[in-house]
Amino acid sequence: MFFVYSIITKHFIVLYKYLIYNFTKKKERKESITMEKKVNFKKIRKLQNIAPSRIIVFSFAIVIFLGSILLSLPISSKSGESLGFFNSIFTSTSATCVTGLTLYDTYENYTFFGQIIILILIQMGGLGIVTLATFFSIIIGKKVGLKGMILAKESVNNFNFPDVLSLIKKIVIVTISIELFGALLLSLKLVPIFGVKGFYYGLFHSVSAFCNAGFDIMGPVDQSSLSNYFNDSLVLLTISSLTIIGGLGFVVWRDFYEFKKRKNVYLHTKIVLVISIILIIIGTIFILNFEFYNSKTIGSMNTGNKILNAYFMSISSRTAGFSTFNIHDLSEISKVFMVVLMFIGASSGSTGGGVKTSTFGIMIFAIISQIKGSESTIIFKRKIPYSIVTKALTISGLSMILIISITTLILVIEPNPFIDVLFLTTSAFGTVGLSPLPLNELGLFSKTLIIVTMFLGRVGPMTFGIALSLKSYKRKSAVYPEGKVLVG
């Protein structure tokens, strides 16, 4: 454990010096010339070799570590005693990685101070530490260096380099506005029940839903704290709408904002919208069909509430993690289908996890193109570069290997049903937060594996995608002869 602390402390110092250098240095250039004229591509590539992905990974690790310290303090626990550093690491990782898996109920075990710490971690993890750091640097008038801009660009998955700072300002402002509006809508229901505290409840769940975190402070009811609101369309539709908006991604938001000017949207936006709509519709129909007569889930509800809850779970099971019933009571076929939804997850540059809808969409269209006999992947009359197709396949393949490996390791030491362990592992990787297993009953090693999976699920696909993007700048030093291999 001391070795882990020393490694984290070392990189904390490195990151601190990096941020001081990039976000607090005084104005050194007075010439009013553009970035493109001042910096050539060779210098940009050299700066990119510093690996922004590493900085993003370590920024998440540092926030998790600091959050663990705060959550382990007695002031964070309602019992007045520390909940333990390991348990705090689990909760801090879950909050920062916007997952929602918990060992202790958030409302019953954490004080207002502890809940606020969790809420801050959710917000930082949802938007991204680099995004927030860049935003506050802009607000206080500090100059953002070139390396800081490159890092910010990769953090929000932006296509264009020059306008990244403007985009980050809009992202944070729009995020806060949407979360406040969602809090007001939820308050219409919660304030009459809880009084003034109802607005705080509304704000907490609005942020949690928008960031696709799945944390709640409603109190446990059959391991599903929203079960009291299964028939409340205002609560369920508000939370599901916030989840959808947060899961679309920052690039899609900007596309909507600039639609009036350009009268067109990026291909990325088209793919995200089509895949998201299809998944929501298919998920609703599937859950409604296989849970219609299951009295432990939606079977005892009237038809209207069955449709509402099936729609809610179709959205929530992809990345949010809220539920109106105990996930353990789902039929096995529904669990298998939800594993697929959790693996796909939200969209690139969003607050959610998974391999992303665009990645899944590219894989599907690549298969369709191959079936049609086309060597190129065509989507909406646009040719997808081969490098992007291989990147999508690589990210998906590595993600599957990670999930299968973690599932296998847990099964070796935990005598639980395979589908439940696979469900839990995929939920952790997809930063969903739904679990058919009581996490407190898992062993220390299994909990550690879940922590690792949550962390890799949040930063893994993102940083690996960045790493592949940076490698694309490197020129090939040799040309190899073509080899033929039979497949299939």
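Biologist: Leaving aside its neighbours within four places in sequence, which residues is Arg 382 in contact with?

Modeller: Bear in mind that this is a predicted model. Once neighbours within four places in sequence are set aside, Arg 382 touches Leu 267 and Thr 377. Arg 382 itself belongs to strand 2, which covers residues 382-384, and although 115 residues of sequence lie between Arg 382 and Leu 267, their C-alpha atoms are 8.0 Å apart in space.

Biologist: How should I read whether a residue such as Ser 68 is buried or exposed?

Modeller: The general idea is a cut-off, since a residue counts as buried when its relative accessible area is under 20%. Ser 68, which sits in helix 4 (residues 52-71), has a relative accessible area of 0% and is therefore buried. Beyond its neighbours within four places in sequence, Ser 68 is in contact with Phe 85, Ser 88, Ile 89 and Ser 92.

Biologist: And where is Ser 227 found?

Modeller: Ser 227 is in the loop that runs between helix 11 (197-210) and helix 12 (233-248). Its relative accessible area is 16%, so Ser 227 is buried. The C-alpha atoms of Ser 227 and Ser 323 are separated by 7.2 Å, while the two residues are 96 residues apart along the chain.

Biologist: How many residues does the largest nonpolar core have, and which of them have the most contacts inside it?

Modeller: In soluble globular proteins, nonpolar side chains tend to be found buried together. Here the largest nonpolar core has 79 residues, and those with the most contacts inside it are Phe 90, Leu 101, Ile 118, Ile 122, Ile 239, Met 313 and Ile 450. Helix 20 (residues 418-429) gives the most to this core, contributing seven residues. Apart from this core lies another, of 14 residues, including Leu 341, Ile 362, Val 389 and Ala 392.

Biologist: What is Leu 101 in contact with, leaving aside its neighbours within four places in sequence?

Modeller: With those neighbours within four places left out, the contacts of Leu 101 include Phe 90, Phe 215, Leu 434 and Ile 450, and also Leu 424, Ser 427 and Ala 428. Leu 424, Ser 427 and Ala 428 are among the buried residues of helix 20.

Biologist: How many residues of helix 20 are buried, and how far does the helix reach?

Modeller: Helix 20 is mostly covered, with eleven of its twelve residues buried. From its first C-alpha to its last, helix 20 reaches 16 Å, close to the 16 Å expected at 1.5 Å a residue. Following helix 20 comes Thr 431, whose phi is positive, near 50°.

Terms used
Residues numbered from 1 in each chain as written. Predicted model: local features only at pLDDT ≥ 70, side-chain atom pairs only at ≥ 80, totals over all residues. Heavy atoms only, no water. Helix = DSSP H or I, 4+ residues; strand = E, 2+ residues; numbered from the N terminus. Buried < 20%, exposed > 50% of the residue type's maximum accessible area, 1.4 Å probe, protein only. Contact = heavy atoms within 4.5 Å. Core = buried A, V, L, I, M, F, W, Y, C linked by side-chain atoms within 4.5 Å. Expected span 1.5 Å × (residues − 1).
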